[in-house]
Amino acid sequence: MSSVDTKDHKDAKQRFLEFLETKNLRMTAPRRAIIDAAFGTEDHFTAEQLLEKSRQLDLSVSRATVYRTLPLLTESGLVHEMDFGKDYKIYDPNYANSPNHNHIICEDCDKIVEFESDQLDKLEGEITQELGFKVKTQQLKITGTCEDLNKLGTCKNKSC
């Protein structure tokens with residue numbers, strides 16, 4: 001996971017702290033490490049990747065604490081849980097600032113690329129208006145193979 005510490009991510013951390021207060025939950029050192037890890041990246045992550053990154057910040061972070069904190073992150077609306085048909089979920093820390101973005105996923109290495117498109121937004125507007133709907137959220141998921149696989153026959157991002 002690449003590191004980032006932008007104003008948006010600082011705002012997300014603060015909003016999550018406020019959300020925890022509404023739930024009467026304490027801010028523990030392990031939970032703070034998880035929050036810092038989750039909002040300190042623009043990369044999508046799995047629970048296990050979040051655990052690894054959190055433990056780099058605080059060795060006391062347990063797997064159980066990560067798995068108890070992830071539903072809070074998603075309930076807060078700041079992180080989005082995505083199911084791409086794998087045996088694990090992917091979490092998107094960019095959801096709060098850009099809820100209507102799209103993803104291209106490499107089927108070989110699980111690389112995820114986000115994108116936005118004015119053309120897709122226009123088409124979405126036309127379709128929903130024609131069908132009598134009002135958009136709340138939208139997601140488009142495209143799967144394929146990344147450029148490395150197409151050029152080299154293997155992908156340098158593949159973890160196995």
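The axes of helix 2 (residues 29–39) and helix 3 come within 8 Å and cross at roughly 120 degrees. The structure is a predicted model, in which local features need pLDDT of at least 70 and side-chain atom pairs count only at pLDDT 80 or more, while totals for chains, interfaces and linings use all residues. Residues are numbered from 1 along each chain as its sequence is written, and side-chain values use heavy atoms, with hydrogens and water left out. Helices are DSSP runs (H or I, at least four residues) numbered from the N terminus. Axes are lines fitted to C-alpha atoms over the stretch in contact, and angles run from 0 to 180 degrees between N-to-C directions.

Helix 2 and helix 3 are therefore oblique to each other (under 35 degrees counts as roughly parallel, over 145 as roughly antiparallel, 65 to 115 as roughly perpendicular, and the rest as oblique). Their crossing is right-handed, that is, the near helix is turned clockwise from the far one by less than a right angle. Contact (heavy atoms within 4.5 Å) joins Ala33, Ile34, Asp36, Ala37 and Ala38 in helix 2 to Leu50, Lys53, Ser54 and Leu57 in helix 3. By class, this contact of helix 2 with helix 3 comprises 6 nonpolar, 1 polar and 2 charged residues (nonpolar: Ala, Val, Leu, Ile, Met, Phe, Trp, Tyr, Cys and Pro; charged: Asp, Glu, Lys and Arg; polar: the others, Gly among them).

Helix 2 also packs with helix 4, at an angle of about 55 degrees and with the axes 10 Å apart. That makes helix 2 oblique to helix 4, and the crossing of the two is right-handed. Helix 2 contributes Pro30, Arg31, Ile34, Ala38 and Phe39 to the contact, and helix 4 contributes Thr65, Val66, Thr69, Leu72 and Leu73. The classes in this contact of helix 2 with helix 4 are 7 nonpolar, 2 polar and 1 charged.

For helix 3 (residues 47–57) and helix 4 (residues 63–75), the axes come within 10 Å and cross at roughly 120 degrees. Helix 3 and helix 4 are therefore oblique to each other, and the crossing is right-handed. Ala47, Glu48, Leu50, Leu51 and Arg55 of helix 3 make the contact with Arg63, Val66, Tyr67 and Leu70 of helix 4. This contact of helix 3 with helix 4 has 6 nonpolar, no polar and 3 charged residues.

A cavity is a set of points, on a 1 Å grid over the protein atoms alone, where a 1.4 Å probe fits but cannot get out; lining residues have an atom within 4 Å of a point. Grid points are joined across faces, edges and corners, and a volume is the space filled by probe spheres set on the points. The count comes to 1 cavity of 30 Å³ or more. The largest cavity holds about 50 Å³ of space and is lined by Phe84, Lys86, Tyr88, Ile90, Ile105, Asp110 and Ile112. Its lining divides into 5 nonpolar, no polar and 2 charged residues.

Terms used. On a 1 Å grid over the protein atoms alone, a cavity is a set of points where a 1.4 Å probe fits but cannot get out, and a pocket is an open set with protein on both sides within 12 Å along at least five of seven lines; lining residues have an atom within 4 Å of a point.
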